[in-house]
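Open your viewer and get ready to select a few things by hand. We will go stop by stop.

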Amino acid sequence: MATVASHARCLHPKNLTKPMNYITSKKGVLISVLPLCLLLFSCSQAGKDNRQGVKTIEVERTGGVTVDPEGDQLAEFFEGMAISDSLDMAYGVDLRVRKAFQLSLETGEARYLAPDGRGPKELSNPVLLTMKNENEFLIYDVALDQVAEYRDGEIVNKYPGFTSYGVWIRNFNGFYYNGFIITGVVDPENVRAMDFDNAKPLAFLDFKNENLEKKGDFSPTIDRLDSDSKYPVIYYDSEYNTIFYLFINDHTLMAYDLEQDEASALVSYKPKPFRTKTISVQGSTAGNMNAAMELGLNISTALEIDRIGNQLVVVWKNNNEEYYEDASDVGSGNMYMDFYGVLYDLPDLTNPREFTLPGKFHGVYKNKMLITDNYGAEELQLSFYEFVQK
Amino acid sequence: MIEKNRKTILGIVAAAAFAVFMMLNVTPTEDGLAVTLCGEAALASDLPCQEEPSVLYYNNSDVRDLRNCDLSGHGCITCTVPAP
């Protein structure tokens, strides 16, 4: 109260009209110094993290699987893997060898799902694998812009792909729901016009009936600096019949309710390592490492959303300076990235707990996180990590 | 005098040829070498391209993103492939 009173006196018109008397008097000195001290104090506090209520949770390695060198060769694991707990299998796409594959999470044996080529039973450049059930997959081949229907070990049909419907597929996460492949896309016309109020970030591809619908809303906290990277990673939750989604450089978790046919912002929790984008991207940084670095160090990138028991896990990555300084081929630069996330309790996304991961997150297998944590090693390995519940 | 002018013109022509050469991008593709103007690389973001493929992707924060496209449309997950 005293400081408020002093401050009020300082701003009193009487004092303002007699500046010399005010400053030279002892009381005046005190009054003039106090607000300055308050200002300095508030400035010094501004840079500090005062979020004492932040909860954290630890992870621990509980196992892993090494890819069998005798099987088909894989080079790197990416996001968007589909996991079957009952078959102990992971399915995904290796962008380095350009293969869709299956991997036994028990034995480490890997097998390509289809031979190379542009024929009816072949894949040219698969990028997105969606599991319909344990015997059926839908694999999007971007080179052919076709969706391959894969059943009982072979491709049985192909359908027109996403690009033919005027949306731009951008990420690795795709889910099957009632005849649709759902994934995050760029809605080019509206995004390029920066009309985020009308842009739709989710594509529902009815591949058999050759129809695509765009759904969902943009996040209220998405940066409106530019049209760069305005698409989400997604996760389909069958229990809640909901698509959870998160824009690549954003922190607000969104939901699209498949029964209500409506989108909403669920929670805007911002974890401590999250970098809020402040740089506007104009044109392309192609070939300009410094520009890429400036942007890369200014943003966080959402990687995955997944379910562990009755909890939802959201993972981001931050690139480090070393990533841009090391010119060697470092396998997506994983060793120079910080991986971190937030664990929420379902159904209301309460009790956020922050965590860091020792490597890239690839999915959930029997409530364990699949993580690449052995960068630089000769063998390709997936480690299993669990949260340490206290 | 004529000799001096000839040298000057030759120098200008050589400098111009070098400048044009430096503006070219030569990219290996499955079909051989693709030669494009460097300036076209600026189109390799979420921007329209002047020719097929019409949809290109470049991760502006990650030069090593395996999904990055060049104008040839090959080897990138988000490109359409040029019409045959």
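Residues are numbered from 1 along each chain as its sequence is written, while chains are lettered from A and ligands numbered from 1 in the order in which they are written.

**Stop 1: colour by confidence**

Now select residues 1-25 of chain A: the pLDDT is below 50 here, and the stretch has 16 contacts in the model beyond near neighbours in sequence. A contact means that two C-beta atoms, placed from the backbone, lie within 7 Å. Residues 34-50 of chain A also stay under 50, with seven contacts beyond four places in sequence. Where pLDDT is low, the predicted coordinates should not be read in detail.

**Stop 2: the four-stranded sheet**

Next, select E7, E8, E9 and E10 of chain A, which form an open antiparallel sheet in that order. Strands (E, at least two residues) and helices (H or I, at least four) are DSSP runs numbered from the N terminus, and two strands pair if DSSP finds at least two bridges between them. E7 (126-133) and E10 (154-160) of chain A stand at the edges with a single partner strand each, so one side of each has no neighbour in the sheet. Neighbouring strands are turned by 25 degrees against each other on average, direction ignored; the axes behind this angle are lines fitted to C-alpha atoms, and angles run from 0 to 180 degrees between N-to-C directions.

Walk across it strand by strand:

- E7(A) and E8(A) pair over six bridges, and a hairpin of two residues joins them. Look for Met131(A) opposite Phe137(A).
- E8(A) and E9(A) also pair over six bridges, with Glu136(A) partnered by Arg151(A). Four residues lie between these strands in a hairpin, and Asp145(A) in the turn has a positive phi of about 45 degrees.
- E9 (residues 146-151) and E10 of chain A are joined by six bridges; Arg151(A) stands opposite Glu154(A).

Is E8(A) buried or exposed? Five of the six residues of E8 (residues 136-141) of chain A are buried, so the strand is largely enclosed by the rest of the structure. A residue is buried if 20 or more other C-beta atoms, placed from the backbone, lie within 10 Å of its own.

**Stop 3: the five-stranded sheet**

Move on to the open sheet E1-E22-E21-E20-E19 of chain A, where the pairing is mixed. Zoom in on E21 (residues 337-345) and E22 (residues 350-357) of chain A, antiparallel over six bridges; Tyr340(A) has Thr356(A) as its bridge partner.

**Stop 4: a helix with one buried side**

Select H6 (residues 289-296) of chain A, whose buried residues are Ala292(A), Leu295(A) and Gly296(A). They cover an arc of only 95 degrees around the axis, taken from the directions from the helix axis to the C-beta atoms, which puts them on the same side of H6(A). These buried residues pack against E20 (311-319) and helix H7 (321-325) of chain A.

Technical notes:
Predicted model: local features only at pLDDT ≥ 70, side-chain atom pairs only at ≥ 80, totals over all residues. Buried ≥ 20, exposed ≤ 12 C-beta atoms within 10 Å, placed from the backbone. pLDDT = per-residue confidence, 0-100.
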